Amino acid sequence: MTMIALHISLREGVPILWSEGKKIGMLKELRLAMAGIGMFSLRGNTTKEYSVWLPSNGETAIPSSPLVGHKSDTIEKENLYQFPITALRLNANSLFELTLLSEKGNVPGSGIIFGSSVIWMRQVVKIALNLIRSQSILPSIIRTASCWEATWLPVPDSTTFLAIEKLAETIPAVCRTLGKTVTQAPPELPKQLALKQLLAFTLNAFLRPAEKSEVIKGFTFESIHDAWIYALSNNPPKIAWDREPEIEEFARQLSAWRRPLDIHNRSPFKFCFQLTEPPLKGAKQERWHVAYLLQSKTDPSLILEAKDLWKPESTASQHAKSLTRECSEFMLTALGEASGLYPAVTKSLKRKNPSGFDLDTVGAYRFLLEYAELLRNAGFVVMLPSWWIGQRGVNRIGIKTKAKLPAMKSSGSGLTLDSMISCDYAAALGNEELDLEELKTLAKLKAPLVRVRGEWTQIDSKELSNALRFLETHPTGELSAREMLSTALGAQKKEENILIRSVEFDGWLQELLEKLSGQAQFELLTASEHFTGTLRPYQERGFSWLSFLRKWGLGACLADDMGLGKTIQTLALVQREREMGEKRAVLLICPTSVINNWRKEAQKFTTELSILVHHGIDRMKITDFRKATNTSAIVISSYGLLQRDIALFSKISWSGIILDEAQNIKNPETKQSKAARALHADYRIALTGTPVENHVGDLWAVMDFLNPGLLGTQHYFKQNFYTPIQWYGDTEASTRLKSLTGPFILRRMKTDKSIISDLPDKIEMKEYCTLTKEQASLYKAVVDDFQGKIESAEGIDRRGLVFALLLKLKQVCNHPAQLLGDNSPINKRSGKIERLTELLTEIREAEEKTLIFTQFTQMGNMLQGYIQDLFGEEVLFLHGGISKKKRDAMVETFQQTGNSSSIFILSLKAGGTGLNLTGANHVMHYDRWWNPAVENQATDRAFRIGQNKNVEVHKFITSGTLEERIDEMIEKKTTVAGQVLGAGEQWLTELSNNDLRKLIMLSQDATGE
């Protein structure tokens, strides 16, 4: 696929979109590019001819990215050279749509990459939208060369101003490449000016309609003000008023109107309101006080009181004068603005040298509830008591539950988390427990703010009456142990319009809570003697953790990094459950690409357990399936069949349900996600190598599968967790979510010190892949074509035919397009490609690097194009045709920390020896050399001196084909591999016809469809 890069350049502050591909700035390519990423709404974007000045080698543009063209090895001299282009002046709709599309990076498979200028422009758009959202804009009027125009100006606060300053420094050079003429390069436009113009354009573009709305011919406005208002909200912005003196006077009035804001912007201070509560003793009436203060913009710890600033000789006043001459004017201006928002400020201005005012309790509550936020939104600093900040927006009154657990040993005595437990109820105000009489006393006060046991707090009258009503009618009750436990972890349960805030229990339930929250250690187990694998110490901890949660019927998410052995830990649990008397089967759902991996691993580590693979077109129907599950320990199936055969799966009572690659159910609205949550089992496990902590939005579906109801409804989760955390960075909501979900998620990373000591330096794993129907058909056709010829040939002719057969079968296993050589599409036609895509997606998310080895240059080229299109990043490919200079440059590029090239494809012959590629910690053998010594040499490009990370080696094998059988032969002969297998694949040509037939035959489990 030919890649096209999109760039944005600026012309007098207007964003101009153009494309870079085979040719620079071709309109046809640009339109195809925009259609390719889903941008069909091009109406209103003006097409225009420009000259773009780019770094060039002679008259050839140097590519902005290796994806759109490779930089020449011989650059004589790099100069700016002009290229005529046809481009689009972007309107607001297209600008917003383009930056929105680029939010998540390049669109996989589109053939489009976003240049650095598009990514940078996205930040400008975000700032513009935030200015509009916070109403940090002012209407104004400007004089252009030809007319007066109405315009909107940004009025950023100090934080946004600093963000704009930093953004200006990072403006990509390509943004300033458009010139007026073709004879000379454009002059360097100052960065600050370029961004100022662009921000003004973006604001006005978003605040006006994209379509032009000319004034109706013959219509006249009654005043300059009306003409200005019309021009502010329409397009074009020209003010339809021909009396020049009136426009000039109006412009002067606007300037005077804006003067207070200018004073604010110039001042080194922010104006503050500070509310302090009444003293505990001494005052006859409870009086609250609001003080006026100034806070330094550059040093927030410097705060000066207004009462001191009115005294010319005071230290505070002298300090303020050293910073500004407009201190008094600034304070009066600020108070004048605040008086329009808060009447109490107006009253204080009647006194000389105003420094604050007093309030009664009702007035203080109104200030806290209404005026504090109003003043803050107007740009003032508002300082409030810490107790209010802690409880603002949180309903403080709730119910406290005291469990009455029967006397028993912690081992159980038949009680489970679903057992109902008697309890007493009390009222809770924060951490304080209140009895019924205290509640009645508070209700009589009928005050929104009350002092309870020496501390002020807000009382919601509705919640107070709900709590009273509940306690009067429910002095005691019953809750399940599971409800009590989830409430203790932070879940919020509602009973008759009042929240159960806290629980109090002891005994076995308290012990369980301490183990869940990490305050106490759960029992560490050793794997069964019938389990044929050896668990590393951290794997024993993971297996024990799974067993601990399974014992209590709690769902577990094992989110260990790739390569840490989630499979072996899970199988150890299944083996243990079976030996403890469990007769029912476990249902294991995984992607099609790893079905054979699970089958192989289960056969290897749990040799005594019966395994049923439910897959393929000849899979069992309901009657036979029921019988088979009764005699099976593990039933393996795919996500595709989970939704298709849900009627079959839902009729079985499973011991447990295990979801591998559980991110497949992250979207709760998909059929497979709903199907997973509809299944019935005693325990549930989710396995994923994707860092769940990075994906708040995906957490609900996984946790609702594991422990239904723990995070409430989807709407509740979005309102109380996702939106506050994702959009507002709410740390309290984040902490509460972690408290709720943390006990059920175990994530270990390879970088953990406690894990590194447990790990071998090199982890080898086999990736068993299935054939697609197309691959299986081609495989059979190749075997049928060669088999008769081989059986009738002898000597060197026979060896040649065997070599040809093996070569073609390898190509089929790699990808049909490699055998056919027809440059046909790659995606979804090969089991190996599907598994490679899954692995690379996970590895890239972990920001790690990968080497991919193949014997075939053709396959390397196919993989390079496919992966580049998929991820929109450069993929390096080293093969025999690469010069030493370019080879060295590739290695240097790949080894650089933070370089965007995270994937390096190497042909086995060209890259198998002599290279140091310790930047990678993943090695993938896409096709096998069938010689361990050669493969190990290739692996050692990453696994060598200088590598400070554990290396994971993935060996791709297509199940049910010659690849799987040859791998089994190699495994059996490893001890003498150097003698028996040392001659590459020569040994395979010496097999008898009968052995060769067994080797190449296609098994029923080969196809994944």
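Helix axes here are lines fitted to C-alpha atoms over the stretch in contact, with angles running from 0 to 180 degrees between N-to-C directions. This is a predicted model, so local features need pLDDT of at least 70 and side-chain atom pairs count only at pLDDT 80 or more, while totals for chains, interfaces and linings use all residues. Residues are numbered from 1 along each chain as its sequence is written, and side-chain values use heavy atoms, with hydrogens and water left out.

**The chain overall**

- You're looking at 39 helices and 35 strands; helices (H or I, at least four residues) and strands (E, at least two) are DSSP runs, numbered from the N terminus.
- Taken along the principal axes, the C-alpha atoms fill a box of roughly 115 × 95 × 55 Å.
- Of the 1009 residues, 50% count as buried, where buried means under 20% relative accessible area, exposed over 50% and partly exposed in between, using a 1.4 Å probe and protein chains only.
- Take the contacts (heavy atoms within 4.5 Å) with a separation of 6 or more: residues 24 or more positions apart account for 72% of them.

**Helices α2 and α3**

- Two packed helices are described by the angle between their axes and the distance between the axes.
- For α2 (residues 92-101) and α3 (residues 116-133), the axes come within 9 Å and cross at roughly 115°.
- On the α2 side, the contact is made by L95, F96, L98 and T99, and on the α3 side by V118, M121, R122, V125 and L129.
- Those contact residues split into seven nonpolar, one polar and one charged; Ala, Val, Leu, Ile, Met, Phe, Trp, Tyr, Cys and Pro count as nonpolar, Asp, Glu, Lys and Arg as charged, and the others, Gly among them, as polar.

**Aromatic pairs**

- There are 28 aromatic pairs in the structure; rings of Phe, Tyr and Trp (its six-membered ring) pair if their centres lie within 6.5 Å, with planes under 30 degrees apart counted as stacked, over 60 as edge-to-face and the rest as tilted.
- One of them is F271 with F380, an edge-to-face pair at 6.2 Å centre to centre and 80° between the planes.
- This pair links distant parts of the chain, 109 residues apart: F271 sits in strand β10 (residues 269-276), and F380 in the loop between α12 (361-377) and β14 (381-383).
- F271 and F380 are both buried, and ring pairs also link them into a cluster with F273, Y292, Y342, F357, F367 and Y371.
- F625 and F649 are edge-to-face too, because their ring centres are 5.9 Å apart and their planes are at 70°.
- F625 lies in α21 (residues 622-630) and F649 in α23 (residues 646-649), so this pair ties together parts that are 24 residues apart in sequence.
- F625 is buried, with a relative accessible area of 1%, and F649 is buried at 0%.

**Charges over rings**

- A charge sits over a ring if NZ of Lys or CZ of Arg is within 6 Å of the ring centre and within 35 degrees of the ring normal.
- K789 lies over the face of F786, 5.7 Å from the ring centre.
- R844 lies over the face of F871, 4.1 Å from the ring centre.

**Helix α25 and E373**

- Helix α25 (residues 696-706) is mostly covered, with nine of its 11 residues buried; among them are W700, D704 and F705.
- E373 is in helix α12 and counts as partly exposed at 41% relative accessibility.
- C-alpha to C-alpha, E373 and H715 are 27 Å apart in space, and they're 342 residues apart in sequence.
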